[in-house]
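Please read these notes with the coordinates open.

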Amino acid sequence: MVVFKKPHALSDVPLHYCPGCTHGIVHRLVAEVIDELGIEGKTIGIAPVGCSVMAYNYFECDMIEAAHGRAPAVATGVKRANPDNIVFTYQGDGDLASIGTAETVHSAARNENITVIFINNAIYGMTGGQMAPTSLPGQVTQTSPYGRDVNLCGYPVKICEMLAQLDGPEYLERVTVNNVKQIKNAKRAIKKAFQNQIDGKGFSLIEVISSCPTNWGMTPQAALKWIDEKMIPYYPLGVYKDRSAEKKEDEQ
Amino acid sequence: MNKLTFRTDNCKGCGLCVDVCPKKVLALAEDVINKKGHHPVTAVNPEACIACAFCATMCPDCIIEVEKGV
């Protein structure tokens with residue numbers, strides 16, 4: 001009996017990510033969910049700019065490459081023109097939380113019926129480890145060699161907390177993938193985000209706290225520990241908004 | 001007997017699977033270099049495998065296939 005094999009929706013192309021990068025895990029989870037829901041033939045993915053810019057090579061479904069940060073805008077267009085298709089975006093923190101903040105906030109406010117997978121690794125990976133809007137206070141990066149000074153650079157952007165203030169979005173959850181238990185939990189969240197779209201409920205965003213061993217300057221193992229020690233205290237995991245659950249509670 | 005199959009050429013030798021295995025089945029092959037130039041993972045103690053698939057769940061590059069009772 002096969003206990004585990006590569007999901008069909010994940011292509012055979014070797015991933016270009018650094019050793020130990022958790023992008024690969026999240027790619028696989030998305031592919032597994034596409035397989036389990038049986039939606040590979042009608043799914044359209046939107047790739048971002050950043051480390052995951054080549055995500056279009058790794059999924060067997062149709063993919064579109066969006067301009068930097070504009071993935072939710074492209075997804076809005078695709079979904080409105082083809083409401084029967086399942087549309088997801090896969091974005092990093094430089095794409096979604098920096099240059100694409102406007103698109104993210106407004107697609108959430110409009111409650112577009114799309115699924116957003118947001119990888120937060122607190123750094124700009126592809127360009128070589130510069131400070132991102134999500135970098136932690138005091139975090140050493142290429143452009144903050146003495147640690148992020150919040151008086152000079154401001155505070156990190158907490159996307160889930162920020163979007164939860166809006167009435168629009170259907171579902172917001174923050175998960176991580178630094179151990180087996182958390183990976184299973186992340187898959188449940190991603191599946192719910194896709195199911196919400198199939199049910200026509202609206203905007204679902206899953207923020208995945210990820211590691212960047214290369215630019216954090218750590219081994220893959222130390223990077224996973226750093227998530228537990230530094231990232232999660234600042235970015236607490238959990239469900240930030242679930243309108244369907246809120247509605248059910250109101251009815252009771 | 002449980003069986004582990006590796007797509008060895010795609011392995012980047014990050015060692016996350018080695019750390020997560022509860023039965024110490026896996027190790028990086030220090031004397032082998034794959035096409036990518038990494039020491040790939042190998043099963044040094046395959047009899048101890050309980051097919052929990054923790055290694056495959058943790059693998060960022062999806063190179064491990066796990067079969068139970070082969």
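1. Strand β1 (residues 2–4) of chain A pairs with β4(B) in the antiparallel sense, over 2 bridges. Two strands pair here if DSSP finds at least two bridges between them. Helices (H or I, at least four residues) and strands (E, at least two) are DSSP runs, numbered from the N terminus. The bridge partner of Phe4(A) in β4(B) is Val66(B), and Val2(A) stands opposite Glu67(B).

2. This is a predicted model, in which local features need pLDDT of at least 70 and side-chain atom pairs count only at pLDDT 80 or more, while totals for chains, interfaces and linings use all residues. Residues are numbered from 1 along each chain as its sequence is written, with chains lettered from A and ligands numbered from 1 in the order in which they are written.

3. Strand β4(B) also pairs with β1(B): 4 bridges join them, and they run antiparallel. Val66(B) has Leu4(B) opposite it in this pairing. In a regular strand the side chains alternate between the two faces of the sheet. For β4 (residues 64–67) of chain B, Ile64(B) and Val66(B) form the covered face, whereas Glu65(B) and Glu67(B) form the uncovered one.

4. How many residues of chain B are in contact with chain A? There are 23, and they touch 21 residues of chain A; contact means that the C-beta atoms, placed from the backbone, lie within 7 Å. On the chain B side, α1, α2 (54–58) and β4 are the elements that give two or more residues. Helix α2(B) gives the most, with 4 residues. By class, this side has 11 nonpolar, 6 polar and 6 charged residues. Ala, Val, Leu, Ile, Met, Phe, Trp, Tyr, Cys and Pro count as nonpolar, Asp, Glu, Lys and Arg as charged, and the others, Gly among them, as polar.

5. Gly15(B) sits in the loop between β1 (3–6) and α1 (16–20) of chain B. Leaving aside neighbours within four places in sequence, Gly15(B) is in contact with Pro220(A), Gln221(A) and Leu28(B). Why does Gly15(B) count as partly exposed? Because it has 19 C-beta neighbours inside 10 Å; buried takes 20 or more other C-beta atoms within 10 Å, exposed 12 or fewer, and partly exposed lies in between, with C-beta atoms placed from the backbone.

6. Chain B has 2 helices and 4 strands, in the order β-α-β-β-α-β from the N terminus on. Its radius of gyration is 11 Å, close to the 11 Å that the globule rule gives for 70 residues, so chain B is as compact as a globular protein of that length. The radius is taken over C-alpha atoms, and the rule is 2.2 Å times the number of residues to the power 0.38. Of the 70 residues, 40% count as buried. Among contacts in chain B with a separation of 6 or more, 64% come from residues 24 or more positions apart.

7. In chain A, 7 strands form an open sheet of mixed pairing, in the order β3-β2-β4-β5-β7-β6-β8. Its edge strands are β3 (62–65) and β8 (238–242), each pairing on one side only. Strand β5 (residues 115–120) and strand β7 (residues 204–209) of chain A pair in the parallel sense over 6 bridges; there, Thr115(A) has Ser204(A) as its bridge partner.

Key:
Contact = placed C-beta atoms within 7 Å.
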